[in-house]
Amino acid sequence: MSKELIRLSDCFMKFDDDVILDHINLYINDKEFLTLLGPSGCGKTTTLRIIGGFQKPTSGDVFFDGVRINDVPPHKRKVNTVFQKYALFSHMNIFENVAFGLRINKVPVPDPSDPKRTRYVKVPEEEIKRRVDEALALVNLSGYGRRSVNSLSGGQQQRVAIARAIVNRPQVLLLDEPLGALDLKLRKDMQIELKRIQQQVGITFIYVTHDQEEALTMSDTVVVMNEGKIQQIGTPEDIYNEPKNAFVADFIGESNIIDGVMHEDRVVGMYGKKFPCLDGGFAPNEPVDVVIRPEDIDIVPEEQGQLTGTVTEVTFKGMHYDIIVDFRGFKWLIQTTDFSPVGARIGVKIDPDGFHIMKKSAYSGMFGDYSSYSSEYDELNEDRLEAEDGDEE
Amino acid sequence: MKSRRLVWLSAPYVLWMALFVVAPLIVVAAYAFTVELADGSWQVTLQNFAGMAGYAGVFARSFLLAAIATVICILIGYPAAYLLARTPPGFRRIANMLIMLPMWMNFLLRTYSWMFLLERNGFINNILGSLGFFNLVNALNGALNGAFSLALPTDVAYFEFLGSQGAVVLGMVYNFLPFMILPIFSVIEKIDPRVIEAAQDLGANSRQVFRKVIFPLSLPGVLSGVTMVFIPSVSTFVISRLLGGGTNILLGDLIEMQFLGNAYNPHLGSAISLVMMVIVLVCMGIMNRFGEGEGEAVLL
Ligand SMILES: Nc1ncnc2c1ncn2[C@@H]1O[C@H](COP(=O)(O)OP(=O)(O)OP(=O)(O)O)[C@@H](O)[C@H]1O
Ligand SMILES: [Mg+2]
């Protein structure tokens, strides 16, 4: 494994009396692609700003390559940022925006008269031109150099911001929702492009997004945050398959989260029945949250099912159907390629590896019920919805 | 529907402009290109403009003093505005008010008070005297006289501030400085802090941030400040009258004399006004062209 490059050690952040970051502990390895994932306002940008040097944690330390950098100003950090709101220089054209870092920074060259010493010189103009053109080509904006910032669309400005940071080949690149303003197709292309740059140039990426799919497809490591706390750190597979709590399970993909009880290792109970599963290590009869991903559920004829329920809603999604099934008042989401009509009685079968068992947490009972899946059911579930809304604030 | 109705909201302004800006301009132009003959009839002619060559000195002095005052206003006003924009908001409001405060007082009064300050027995000479400054000057002059056999005066009891061009420039700077500070301040204040952060992020230290980002972004404010200081300076007549002691007459005085003074000749006065306006407009045009790449200047 490569070596540790950045470490946030017990970072605590307060604005006025609001706790924004609650004792964040995090390390980032050299050349790693790490993603901070979480809902709006959970502290992702604040975390990046601490690493970039724009904010000092109220308490706690930031280390770069083993050196504490709390007091190092931003322009002395070997970190470049793609800002969430682009922050382009409106008094310069696109070329000059991208060239800004190259013009500012002097590069070390060996002193011809004394090879042991290095001199610092400006980057030569031809090299600036070559690298800026390269960077613009990378973000698909070749030929835009002479244009003014204000003549570009939001997505184009965002790509200029990416080029402006990447052209400096920093050791670490901080990207704050760098693809947020792009349409789906361009976003997919840029995801691949960024990933390629990251691997080719060997830059450490700290990437912020609230798009879970983006996080899963691009990252080596995903950090799920909520309300200023780290909920889980792991590989995309870990996060998806072994979510630590109901928040993570719900935020990463669709999940049915059901109240259950662990009878013994590898036997979980719900709806008063016992199901074989693969998890263990819980106390006998410990109450748990059971996560079942919608794609892990097979629909079978009613008499063959482990559970039976009534289809209340079917939505065609292209690749599959989203089917909402009522199991004694608790509604599940099932994703399947087989059509079942509304009102049908069906049975379901879940393989042992389809269950994921989580310890109860502060988030238990807040997520994972699809009663409010469509407007048709909103009225019936008004109380519940209101409760959820209240929780978000 | 909505926009049609909004158009009518501008009617009072349009009417005002037509009545008090456009109409007077037409009248001025009409006067400028005519002379009144002995029988009281008017004749179209360029004679007024031809007769203006004799006033080239006044033109030159007016534009020079106004330019000097404008440059001094930039040199004082820019740092002031910059520092002001970086102070915490509470103090900023107080400082803003202090800058505006003199403007609440009548322009004439303000200028008169400088007269009293600069007089022979005025405040400043008194202070200098009681500090022993003139004794020092006299002693120094005496020493210099002795050493180099010069004939410097050794009985200096006051400085003659009034009547000098310096006093006129001082009056201009004093009166119009707020018009330089405020537009610069408001432009700097509006610079997005994230843009500054972006520059720092790309490796710019605070000097480079200022040179490459803050200063270019603040140029539109400087341009409108220049406009707002230069134009009233070039056309002022109160300041030169009161502080210039009548010896350094400026364009404003010249024009005033043609309308209200003993040199009564509104036709010549109009012609001078027109030429001055054209020169000012050309200056402003050139300047705005310069600033074009940096963002649009606010021409007030
Ligand atoms: N300068 C500030 N003063 C006060 N509160 C702030 C400040 N900056 C951020 N906050 C608060 O800190 C919290 C976290 O903000 P942050 O910008 O880190 O969120 P985020 O995860 O990046 O959200 P988003 O996805 O919407 O960008 C928010 O509640 C925000 O209101
Ligand atoms: Mg953010």
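This briefing covers a helix pair, a pocket and a salt bridge. The structure is a predicted model. In chain A, helices H4 and H5 have axes that come within 13 Å. The second largest pocket holds about 460 Å³ of space, and 29 salt bridges are found over all chains.

**Helix pair H4(A) and H5(A)**

- Helix H4 of chain A spans residues 154-166 and helix H5 of chain A spans residues 184-202; their axes cross at roughly 5°.
- Angles under 35 degrees count as roughly parallel, so H4(A) is roughly parallel to H5(A).
- H4(A) makes the contact through A:Arg159, A:Ile162 and A:Ile166, while H5(A) contributes A:Leu186, A:Met190, A:Leu194 and A:Ile197.
- By class, the residues of this contact are 6 nonpolar, no polar and 1 charged.

**Second largest pocket**

- The lining of the second largest pocket has 21 residues.
- Nearest the centre of this pocket lie A:His75, A:Arg77, A:Lys78, A:Asn105 and B:Gly203.
- Strand E6 (79-82) and helix H2 (94-104), both of chain A, are the elements that give two or more residues to the lining.
- H2(A) gives the most to the lining, with 3 residues.
- The lining residues divide into 7 nonpolar, 7 polar and 7 charged.

- Side chains of opposite charge can pair when their charged atoms come close.
- A:Glu125 and A:Arg103 form a salt bridge through their side chains, at 3.0 Å from N to O.
- Because A:Glu125 lies in helix H3 (residues 125-138) of chain A and A:Arg103 in helix H2 of chain A, the pair ties together parts that are 22 residues apart in sequence.

Note on methods. Residues numbered from 1 in each chain as written. Chains lettered and ligands numbered in written order. Predicted model: local features only at pLDDT ≥ 70, side-chain atom pairs only at ≥ 80, totals over all residues. Heavy atoms only, no water. Axes fitted to C-alpha atoms, helices over the stretch in contact; angles between N-to-C directions. Helix = DSSP H or I, 4+ residues; strand = E, 2+ residues; numbered from the N terminus. Parallel < 35°, antiparallel > 145°, perpendicular 65-115°, else oblique. Contact = heavy atoms within 4.5 Å. Nonpolar A, V, L, I, M, F, W, Y, C, P; charged D, E, K, R; others polar. 1 Å grid on protein atoms, 1.4 Å probe; cavity = no way out; pocket = protein on both sides within 12 Å on 5 of 7 lines; lining within 4 Å. Points joined across faces, edges and corners; volume = space filled by probe spheres on them. Salt bridge = Lys/Arg side-chain N within 4 Å of Asp/Glu carboxyl O.
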